[in-house]
Amino acid sequence: MTGDQTYRRADGGAIDRSRPLSFQFDGRRYRGYQGDTLAAALLANGVRLVGRSFKYHRPRGILSAGPEEPNALVELRGGARREPNSRATVAELFDGLEARSQNRFPSLSFDVLALNGLLAPLFAAGFYYKTFMWPAAFWEKLYEPLIRRAAGLGRASGLPDPDRYEKATAFCDLLVIGAGPAGLAAALVAGRSGLRVILAEQDFALGGRLLSDRRWIDGRPAIDWVAGVVDELGTMTDVRVLTRTSVIGAYDSGTYAAVERVADHLAEPPPFQPRQRLWRIVARRSVLAAGAIERPLVFGDNDRPGVMLAGAVRGYLNRFAVRPGARAVVFANNDEGARTVADLAAAGVAVAALVDPRPEAAAETRRIVEAAGARLLRGAQVVRARGGTRLTAVELAGVAPGSGIDPVIPCDLLAMSGGWNPTVQLTSHHGGKPVWDATIAGFVPGTVPPGMVVVGAAAGHFILADDLAQGAQAGAAAAQALGVTAAPVPGFSADPETAAILPLWRVPGARGKSFIDFQNDVAVSDVALAEREGFRAVEHLKRYTTLGMATDQGKTANVNGLAVMAELTARSISETGTTTARPPFTPTALGALAGHHRGPDFRPTRLTPGHDWAAEQGARFIEAGAWMRAQAFPQAGDADLQATIDREVLAVRQAVGLCDVTTLGKIDLQGPDVAEFLDRIYINGWKTLAVGRVRYGVMLREDGFVQDDGTTARLGPDHYLMTTTTANAGSVFRHLEFCHQVLWPDLDLRFISVTEQWAQYALAGPRARDVLAGIVDPGFDLDNAAFPHLAATETRVCDGVPARLFRISFSGELAYEIAVPARYGDALARRLMRQGADHGITPYGLEALNILRLEKGHVAGAELNGQTTARDLGFERMMSTRKDYIGRVMARRPALLAPDRPCLVGLRPVAATATLSGGAHLIARGAVANAAADQGHVTSVGASATLGHWIGLGLLANGRARWGEIVRAVDPLRGQDTEVEIVSPLFYDPEGKRLHA
Amino acid sequence: MPDTALLPRSVLHDRLRPGRQGAATGPAGVVIREKTGLTLAAVAALRGRDGAVIAALTALFGVSPPTRLRLVRDEGLAVIGTGPGQWLIAVDPMPDGSRDLRHGDLTTTLRDRLGGLAAVTDQSDAWVVFDLAGARVRDLLARCVAIDLDPRRFEPGDVALTRAGPLDVRLWHGPKPGRYTLSCFRSYGAYLARWLTDSALPFGLELVETR
C-alpha cells in the first residue's frame, strides 16, 4: 500500500501543504511536501523498508528522526553529486530529489547477500581476525575484496565534486549550540543583554523537541512560543541564527567548528553559492543545549522495519503529520510511553498496548492508555519482533498467565524508548569524561571545555520548565561573566510531566538477534563474545566488535553496548566507563574542510614578475617550493628536453643566456653592527669586505652542518644585501631573527626581506657585457677594471629605473645579475631579450642552470642536504680561525673530521657514452654491491653539452685523496652499474679565466 | 615614452577578468581593486632610537607615528605601526597614477632624515595591495582572515598582521569606515586574488581593472 501519501494525516504538522514536491526512491516516484525530510515523506507513502544492513544485509527501516540515524542510509542525488550514506532523517525533501537504497543486490526487497544472515556465526565480532587468517596470502587477493564488496557502504560518485565550499570565521560573546527550549531561552536572554550571540541549530527549523511534542509553554502551544522567540531574535542585530548548522568540534580557546549545510536542501546550489560552509566560531562563552538522543531497547529482531524510537514516532506524527504505522505497540521503560500512546491515538493510529517493564504505573498513564483504547501491560517486555521486510507482530514475555492476553500482538509499528542519552559529545573534545547519573540512567557531562555551560537535556534534565529556566539563567550568567548587565531572567511555566525511568539494557529471554549497534550490525551476542574473549574494557569492546565505529559513531548504540558489558562483567556502568567522543560530531564532507583550497588552489604558488614573459617564451614550469620556475624553454626545433637543455647550455657558454633568479632569498641588513653579525653567522670573514663588493659565504647550523650558502654584497658603509638559496630563504630569515633577538640582542642592526621587492635576472655568457651595455645608463663603466668580478652597485637602467647590479656568476661565465623593482620585472626581461637579440640571447631554465653549475662544481640543494659539513663540501679553508661563528665548535667533532667521511668529488663515466644516475651508490670495483660496501653516493648528475659526456657530483669516503681512482656507481633501482672515475669537481675552466673575462 | 623606458606592470594585469561578476542582482556586494603606484617604505629604528625616529617622522610628515598596530593618515600618506620601533610609510599615487614625489624619492628622503637612526628599505614592489569595499566586504574578509572584524573591535585605523590561510597578510581598516586594505607578498598576489574574487562571487563582485 505505497504511494499517494496514504499515511499522511489530514491536517496539522509543520509541513507546507501548498507546496507539494515530487521525488524518487529506487526509481519509483512519490510525493511529499515542503518541510518534509526524506524519511518523513517515505513514511507518508508507506515505505518502510529503506536499506539493508552493513554485515548481514538485514532489511532495515527508519529508526529515528534525526542525525543519529543508523539504518535509513541512502545514496542521495545522482551523477557527480551522488553522496552515499546520507541519512534520510536529515535529508530535506526538494522537488526532483533522487535517492537509492544501498548495500543490496539485486534489489532492496530481494537481496541475495541476506544469506549472510545465515552465516552469522561466521561474522561474529572479530570475524576477520579469525576466519580469514589462513592462508595469509588469501587476505589481500581474495578475502578482503570479497568482504568489501559484501559490506558495501554505498558508492561515491568517483567524479570531481562540482560544488563550491567555503570556510569562514565568526566571533561572538556567546555561542549557543542547539535551538531547543533551553538553547532558545539562553539566546533570548543573552541577546536581550546585548551580547553578540551565535545560535547554531543542526535542523532547518528552530525549536528542537518542541517541534515534535505537543507541549505548552506559558499557557500557549510551545510552537507558538518558539515562533515568538524566533521573531524577537530576528530583531536583534547582534544575534546571528545559523540553521542547518552542526557544531562538530570544540577546540582550544573557545574555538568551535561548525558545518553549515547552505544548499543541501536544494537540488543544486544556486549560482555562486557554496554547498556547505565550514565555520570557525571563536566564542568567549558557550552554552551547550544539544538535547538528548533516545535509546533503543534491546530485544530479539529489534531491527525490523517498523520498530522505531518513540520520540521519533511522535515527531513524525506531530511535526510531519505522518502516521508511521496503522496499528502500534508502545514499549517503554520510562514515563514517555504514555505521551507516545496519547499522540498516536490523537493521530488516529490504533494502539494495541503500552508495554512497560515497570511493575507500577501512574494514574495519569492508566488514564491515557484507557482513553486510547489500549492495554497497559505492566511488568511485560517485548522479547521479539516478528516480520521480514516489515514488522507484523511482537512477542511478549511477562504477561500474566491466565490474563487472557495473547502474548503475540499483531502490529506494524513498535514505538520504543529505553530512555535518553544527553548529547555530551562536545564536552569530551577537551578530554572531559562524562559521568554516569543513575537517576536518569545516562551519562552527563563531566569536565567541560573552558567557558562552556551545559543546560537542558544535554545536562540530563528532562523537565521542560526546568530546561527553559536553565537556559535563561545560562544566558544571563554569560552576560555577567563578560561584565555586561544581564537582562531579567523570565519565569517559564509548562505543562506538567514526569521523567521516571527503570533501566532495561537488554530484554531477558529475548529470542533472535538483539541488535545494539544497528549500523555496524553489532548484537548482544557480539558483546558477550568480546566479554568471553577478554575484550572487556570499553575501548577494547569498541574495537573488537566495531560497536560505535560506524558513521553514526554509535549515537544510539554506545550506552546500551557498554551497559550490557557492565551486566556481563557484573560491574557498574560507572566502573565500566564510556569511550571518548572526538570531532567531528557528525559525518562531514571533506569538501567543507578544504573550502576554496583545492585543485590549483590547494596550496599557494608564487609567481615571479617575469612569469608571464617566460610563459610566452614557451617555458615549462616546475615547482621549486611554492615558486613556479622555468624548467626549460623548449623551441620548435628541439628534438626533446635534452636537446633544449643542450641548446640553452651552449648559448650561455658561447653567446649569452638570460635566467630569472628572482626566487633567491634577499635579505637587506642595515646598521653599524652588520659586519659583526655576518661574521658570527658565516664561517668566513666579513669585516674586510669593501663597499661595492660581493663575497660568497657559507653558514652552518649550531650542530656544525651546512645550513645554506649564497653571496652577500656591501651596498654602503652600514648597508648589506644577503642572498640565500631559494629553498632556504624562509629558514635562513628565521635563523637570523633568532640569532639577533635571542643570542645577540646587543648587536645594533635591522634586517628585512626584500625578496619580493626586486625582480632579478642573471645575464651570463661571453656576450653578457655587450647586452648589458645597452641598458645601463650612459656613463656607467662596465669595463673589467671598473666593474670587475664580484663588484656590486646601486645604479639606474633603462632611463632611470633604479637597479642593483652584481657581477657574480653561477655558470662560470662572464655574468651579471640585474635587479629592478618588481613592477618592472616583466618589462626588463622583454627589454633584455630585445637588446640581446643580435648577440644570440637565449632564455634558460633550471635544467640548464643545473648543468652549468655542475660543470663548475658548485654545490646546490642535493649537496646542501643538511647532512654535509663545510669540510665535506670543500669549504675547509673558508672556515675562519680568527673568530667565532655559529656551528664552529660542533663542526669539529671527531666523527665530522674523520678522513673516511664522504666528501665532495667529481664523477666522470669511464665509457664516454655512459649515463649516470642520481642516488647511485659508490662501490669499489670488484666488491659485492651491498650496504656494507657502500662508500658514498652520487648527488647530482647531468649530460654536459659543453664536455660531450655525462658528469656528476658525489660524496665519497676520503674522496679528495682518490682523484684518478675508478669506482662503480651502482643504482639497483634503475639497474645501473657504471664505472666512474673520481675527478676534481671543477670540470670546466678550472682556472676561472672566463669568469674574469 | 621612448622605447628604452620600462613600463610597470600590476600583479593582476591580464590575469583575472575585470568587471562585474558573480551574483548579478543589486549593487556589487564587494569591490576589489589592486592598488598600484603606491610608494612604500619600511622604517625600523636602530637600537634605542625609537624616540628619535618618532620625532623625525613627525617633523617630516606632520603626523605622529603610532606606537602600536594602528594607522594614521594625512593627505594621501599613511604611517602604519607594524611592530616595536617599526613603521610602514605608504604614499598614494597621484591621480594620474604616477608617483607622488611630494617627499622626493621616499626612501632616499627617509634615509637622509633618519641616517644613523633607522634602517630604511624600499618596499613599494614587495607587496600586492588590494582595496576592498562594498556592503559585504566584512563577509568576504571573514572567509580569508580569522580576526574579529566587528567595527567595534577592529576600528577604522586598526591594523592587523595576520594569516590568510597559508599566507602572511597585512590588513587595515579605513581610515574610511567599511573600507579595508589587504596586502600580501607580491608573488602570492595571483593566489590571494583568486581566493578573494572566488569568495566574493556569492556577494556580487566588481573587480576593477588595473594595468
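This is a predicted model: local features need pLDDT of at least 70, side-chain atom pairs count only at pLDDT 80 or more; totals for chains, interfaces and linings use all residues.

## Where the two chains meet

Colour by chain and select what lies between the two: 57 residues of chain A are in contact with 57 residues of chain B. Now pick A:Arg750, A:Glu756 and A:Arg823, which supply 17% of the area that chain A buries against chain B, more than any other three residues.

Next, show side chains across this interface. The rule finds 11 salt bridges between chain A and chain B. For one to zoom in on, select B:Arg152 and A:Asp238: their side chains meet in a salt bridge, at 2.9 Å from N to O.

Which elements give two or more residues to the side of chain A that touches chain B? Select β8 (165-177), β15 (276-288), β34 (665-670), β38 (750-753) and α20 (825-836) of chain A and you have them. Colour that side of chain A by residue class, and it divides into 22 nonpolar, 10 polar and 25 charged residues.

## Inside chain B

Now select the residues where the domains touch: 11 from domain 1 of chain B are in contact with 10 from domain 2 of chain B. Between them the two domains of chain B bury about 970 Å², and 66% of this is on carbon and sulfur atoms.

How many salt bridges are there between domain 1 of chain B and domain 2 of chain B? The count is 2. Take a look, too, at B:Arg70 and B:Asp158, which form a salt bridge whose closest N and O atoms are 2.7 Å apart. Polar contacts between domain 1 and domain 2 of chain B come to 4 residue pairs, both residues at pLDDT 80 or more. On the side of domain 1 of chain B that touches domain 2, β9 (159-164) and β10 of chain B each supply at least two residues. By class, that side of domain 1 has 6 nonpolar, 1 polar and 4 charged residues.

## Backbone stops

Stay in chain B and centre on B:Pro175, in the loop between β10 (167-173) and β11 (180-185). The peptide bond leading from B:Gly174 to B:Pro175 is cis, with omega near 15°.

Bring chain A back and go to A:Pro584, in the loop between α13 (573-576) and α14 (590-594) of chain A. Here the peptide bond from A:Pro583 to A:Pro584 is cis, and its omega is near -5°.

Select A:Asn958 in the loop between β47 (949-957) and β48 (966-971) of chain A; its phi is about 55°, although A:Asn958 is not a glycine. Buried or partly exposed? A:Asn958 counts as partly exposed because its relative accessibility is 34%.

Finish at A:Asp989, in the segment after β49 (976-983) of chain A. A:Asp989 is another non-glycine with a positive phi, near 50°. With a relative accessibility of 12%, A:Asp989 falls under the 20% cut-off and therefore counts as buried.

Conventions
Residues are numbered from 1 along each chain as its sequence is written. Chains are lettered from A and ligands numbered from 1 in the order in which they are written. Side-chain values use heavy atoms; hydrogens and water are left out. Helices (H or I, at least four residues) and strands (E, at least two) are DSSP runs, numbered from the N terminus. Buried means under 20% relative accessible area, exposed over 50%, partly exposed in between (1.4 Å probe, protein chains only). Contact means heavy atoms within 4.5 Å. Buried area is the accessible area (1.4 Å probe) that two parts lose on being put together, summed over both. A salt bridge is a side-chain nitrogen of Lys or Arg within 4 Å of a carboxyl oxygen of Asp or Glu. Ala, Val, Leu, Ile, Met, Phe, Trp, Tyr, Cys and Pro count as nonpolar, Asp, Glu, Lys and Arg as charged, and the others, Gly among them, as polar. A polar contact is a pair of N or O atoms within 3.5 Å; within protein, one must be able to donate a hydrogen and the other to accept it, and residues adjacent in sequence count only if both atoms are side-chain atoms.
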